[in-house]
Amino acid sequence: MNPLIFDGDMAVGGAGASASAPPTAGVVTRPSRRALRRVGFPILAMSPFVIFTFIGLGIPVLAVIDHAFRTEKGHLTTANLRVVSHGVYRLGFENSIKLSLIESILPGILGVFLAYAILTSSHGWLRPLVTTASGVLANFGGINLTFMFIASLGSTGVLTVWLKSVHLDPWNYGFNLYTFYGVAFVYMYFQIPLMVLVITPALGALRTSWREAAQNMGASNWQYWRHVGVPVLLPSILGAMLLLFGSAFAAYATAQSLTGGIIALSPIQIGNLMNGNVLSGQVNVGYAIGLGMLVVLTVTMVLYGLVRRRASKWLQ
Amino acid sequence: MASVSIPGEYAFVDANFGDSPPVPATQRRRRVRWWRGVVLLVAGAYFFLPIYAGLKFTFQDIYGKFSFQAVKNLPTAPGFHDAFWLSMRLGLITVAVSAVLLVPTSIYVRLRLPRLRPLLEFVTILPIVIPPIILILGVLGSAPLWAKSSPYLLSFEYVILSMPFVYRSLDAGLSAIDLKTLVEASRSLGGSWVQTIWRVVLPNMRPALLSAMVLTLALVLGEYTMALLDGWNTIPVWIAQFNTASDGHIQVAASMIGLVGTWIILTVIVSLDRSGTRRSRRRVRTIQTTKEQ
């Protein structure tokens, strides 16, 4: 009997507590106390994290949903949603989705090539440099990015001046940094690094043995990628692109600081509504846009989850 | 383009049917290197040009001549001092809170509740999915007045925003070490839990912890959306609202100092981390070569 109990304690991983319990009380209380430890301590240990995230993340999200269905006086209504699904706010959604699609497909493809080029490079110094650069740049939206691009492609920017000196002023050819496509161009600056960050582990998990097996059976380089490499990677790439979609859809600071808030994108519209740049009585319209964005992002993430599950089948 | 790739294809046919494998192998590698070079060059141009332009503007006076004027004028620019200290305070508090919150949680989950890891991964990635603009919208709609009147509400939310990077970094650091063995060894030698974490686990995950902290600090110092909408004049908000007419170079200088500083610190941390592993790898390689010889 004794060795058995001892084994049980070891399995739970609790070293001393139940073993050092007084022998008289031990028989009765040990199971319940052990059960308590098994359930109670994990709950206690996890509670700071759970409480913190619930207050910081859960309640705000619930508040957005709640406010979207209320008038300013607190009555239930669907008027906000009706306002949001028409006119300029609808245009904002359309533009945002269009921008995010561009910003997921283009940097997605470019990022795969870049990550593969870095991964297979023989220069050892390149990888840590690019890894850290990606880490910094992927989080580098906003105000800094705006000023860097104004300094290079603004009307007196470095690149603009260079191109002007060879009579190729991009601004004469319809280029404008402060428009939809200008914003799209600037977004790549953090979208491509994000793709590199996300896709590098998946690329690294492509086993050399697969390539060797394909080559031994006479597959060409193209055939290897067509039948082995791309099918294996596709779920990971699609998953990463969904992440990029979410990232572009959520971005606010860059577009705001670049265009001064005149571009019709959903996040910008929320910001304008909150800053009081519109008629009063429409604050909760901002919450309705927020709800719409949450719906789009939830769909994106559900798809991401499905694709991820598929991706992990091959790549661990 | 075709003329370059065709020899490669031929070389590959040789590789299959020829009798001397080493030659085609090098040719094939050269073909791969060619497109790799183009990709790296284009990417390099796209990513370095704005940095170069930013630096150029930083070290230029208003007449376009090289000078340190913008950098020199930055600390005395109106409002910079307050904005800088507010950002620093928020940054340090955020780093401290997120370390205290996430280090024990990630260690505990890895040791005792590995089944919760996917869930934790999911929860900590949510702040990437839920945009800061929506988060601050919800916070301003739900937080009590006393919280809204304090700048540290931002710190609270920044902990949430930094979670994806912090947790991932810590988790990667934890998977690089044999946590279970370390903890069991320390515990069986009589170390308390606090001693085990402080003197065994943490020193072993120092690079991960450091890079998580630097990333967090960088995030806080660069965060614009929430600070702007919450109405606090942090560094990014100050930069954006600084009167361009007086000296636009100061804005660019402030942005560039933030970027380059973060990058240098991160590279140093990562290469410190890597030089450790490289040393051990080199040792392995020497053993192998002596064997071959």
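Me: How are helices and strands assigned and numbered here?

Reply: Helices (H or I, at least four residues) and strands (E, at least two) are DSSP runs, numbered from the N terminus. In chain A there are 13 helices and 0 strands. The model is a predicted one, in which local features need pLDDT of at least 70 and side-chain atom pairs count only at pLDDT 80 or more, while totals for chains, interfaces and linings use all residues. Residues are numbered from 1 along each chain as its sequence is written, and chains are lettered from A and ligands numbered from 1 in the order in which they are written.

Me: What share of the residues in chain A is buried?

Reply: A residue is buried if 20 or more other C-beta atoms, placed from the backbone, lie within 10 Å of its own, exposed if 12 or fewer, and partly exposed in between. Of the 316 residues in chain A, 38% are buried.

Me: Is Val307(A) buried, exposed or partly exposed, and which residues does Val307(A) touch?

Reply: Val307(A), placed in helix H13 of chain A, is partly exposed because 19 other C-beta atoms lie within 10 Å. Two residues are in contact if their C-beta atoms, placed from the backbone, lie within 7 Å. Leaving aside residues up to four places away in sequence, Val307(A) touches Pro235(A), Leu238(A), Gly239(A) and Leu242(A). The C-alpha atoms of Val307(A) and Ile237(A) are separated by 9.2 Å, although these residues are 70 apart along the chain.

Me: How is a pair of packed helices described?

Reply: Two packed helices are described by the angle between their axes and the distance between the axes. Axes are lines fitted to C-alpha atoms, for helices over the stretch in contact, and angles run from 0 to 180 degrees between N-to-C directions. Helix H4 (residues 87-119) and helix H10 (residues 221-250), both of chain A, have axes that come within 8 Å and cross at roughly 135°. H4(A) and H10(A) are therefore oblique to each other; angles under 35 degrees count as roughly parallel, over 145 as roughly antiparallel, 65 to 115 as roughly perpendicular and the rest as oblique.

Me: What is the handedness of the crossing of H4(A) and H10(A)?

Reply: A crossing is left-handed if the near helix is turned anticlockwise from the far one by less than a right angle, and right-handed if clockwise. H4(A) passes H10(A) in a right-handed crossing.

Me: Which helices of chain A and chain B come within 10 Å of each other?

Reply: The axes of helix H13 (residues 283-311) of chain A and helix H6 (residues 132-142) of chain B do so, crossing at roughly 135°. That makes H13(A) oblique to H6(B), and their crossing is left-handed. The contact is made by Gly286(A), Tyr287(A), Gly290(A), Met293(A) and Leu294(A) of H13(A) with Ile134(B), Leu137(B) and Gly141(B) of H6(B). Among the residues that Leu137(B) touches are Val64(A), Ile270(A) and Met274(A).

Me: How many residues of chain A are in contact with chain B, and of what kinds are they?

Reply: In chain A, 61 residues are in contact with 61 residues of chain B. Helix H2 (residues 23-68) of chain A gives the most to this side, with 15 residues. The side of chain A that touches chain B has 39 nonpolar, 22 polar and no charged residues. Ala, Val, Leu, Ile, Met, Phe, Trp, Tyr, Cys and Pro count as nonpolar, Asp, Glu, Lys and Arg as charged, and the others, Gly among them, as polar.
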